Amino acid sequence: MKIHIYTDIDNLFGKACRIWMGVLLAAGHEVEYVDLGTEKQGVLPDVGAADINLLVVGIYAFERFGKHGLPRGKNVLWMLDPLTRNPQATVHGYKAGLFDAFAPRLDAVLAMDQPIEDYLRLHYPSLAVSQLPYLIADIHIRAPGPESARTSDVLFIGHPSPPREEAEALFRASGVKAEFVWAGLWGKAREERLRHARIALTIHADPQHTYFDQFRTLEAWAAGTVVVSQTSDGLAPHGITPGEHLATGALAELPSLCQSLLNDADRRQAMAVAAQALLRKQFSVQRWQAHMLAAMASVS
């Protein structure tokens, strides 16, 4: 079977795409990788038809799919963006609007969590849906580094939004050193910054949509760094226990949570080790590869 794997942000989803490539090639499929880049307007590149197109994409490709259609062949989307029709959740509501423009033409969706699956079953009951979380290959999990190698205290990486800007102001007022990187940090540079931070922050873009941010959390864990997160839904189904694998709290509590952890290097080390054990158990390629292959076979 010929399979094209499409992505729009190679330095964001590239590792996830290469997981798929390895699994599909090992299963005997012909696989081609198609990097769409971050272009939002242009037509899709003509790379010929495939039996199945696996779409590991986000907002950039969403806009193009809505305007120009999907690639030729059957299309399976790995949905790593949470969706909501809550009009107050402007960031993820906007993504949902883009998704709605091409969703009826999809053949299947692999949802990263139960809320996405529930959303799809409610609004697109005829669409084939199953779950597949964000995955981390063991080769990308690096043992937590020594305290002497940590060169920054608290780090947030992401696009600005009102709650995130409020968090930056809260940290500034508290005196807890925190760096907010709003754009342009991807790939190896991102990994290195995470690895050398004592704490990685996760803050919701929309306060009305408090999903478990798998990408930011799992990437920080893989780098060996403790996560402090704004209170999130959906942790328990993955076996995640606040206080053991990460620290969680309301937005206003984040500076004090971070300060407590900054004062206790031993606790941070224990949490990082526990988080990586969970990462290998719950989010490994080995755990999910049979499900990955079955999902592709179901639409062939």
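User: In this predicted model, what makes the contact between the side chains of Arg193 and Glu179 a salt bridge?

Analyst: The N to O distance between the side chains of Arg193 and Glu179 is 2.6 Å, and because the rule asks for a side-chain nitrogen of Lys or Arg within 4 Å of a carboxyl oxygen of Asp or Glu, the pair qualifies. The partners come from distant parts of the chain, with Arg193 in helix 6 and Glu179 in strand 8, 14 residues apart.

User: Why is Glu179 called partly exposed?

Analyst: Glu179 has a relative accessibility of 35%, and since buried means under 20% and exposed over 50%, a value in between is called partly exposed. Arg193, at 29%, is likewise partly exposed.

User: How do you know which parts of the chain Asp100 and Arg85 tie together?

Analyst: Their side chains meet in a salt bridge with an N to O distance of 3.4 Å. Asp100 lies in helix 3, whereas Arg85 lies in the loop between strand 4 and helix 3, so the pair ties together parts that are 15 residues apart in sequence.

User: What makes Lys188 exposed rather than buried?

Analyst: The relative accessible area of Lys188 is 64%, and because exposed means over 50%, the word applies here. The side chain of Lys188 also meets that of Glu191 in a salt bridge, at 3.9 Å from N to O. These two residues are three apart in helix 6, which means that about one helical turn separates them. Through shared partners, salt bridges join Lys15, Lys188, Glu191 and Glu219 into one network.

Notes. Residues are numbered from 1 along each chain as its sequence is written. This is a predicted model: local features need pLDDT of at least 70, side-chain atom pairs count only at pLDDT 80 or more; totals for chains, interfaces and linings use all residues. Side-chain values use heavy atoms; hydrogens and water are left out. Helices (H or I, at least four residues) and strands (E, at least two) are DSSP runs, numbered from the N terminus. Buried means under 20% relative accessible area, exposed over 50%, partly exposed in between (1.4 Å probe, protein chains only).
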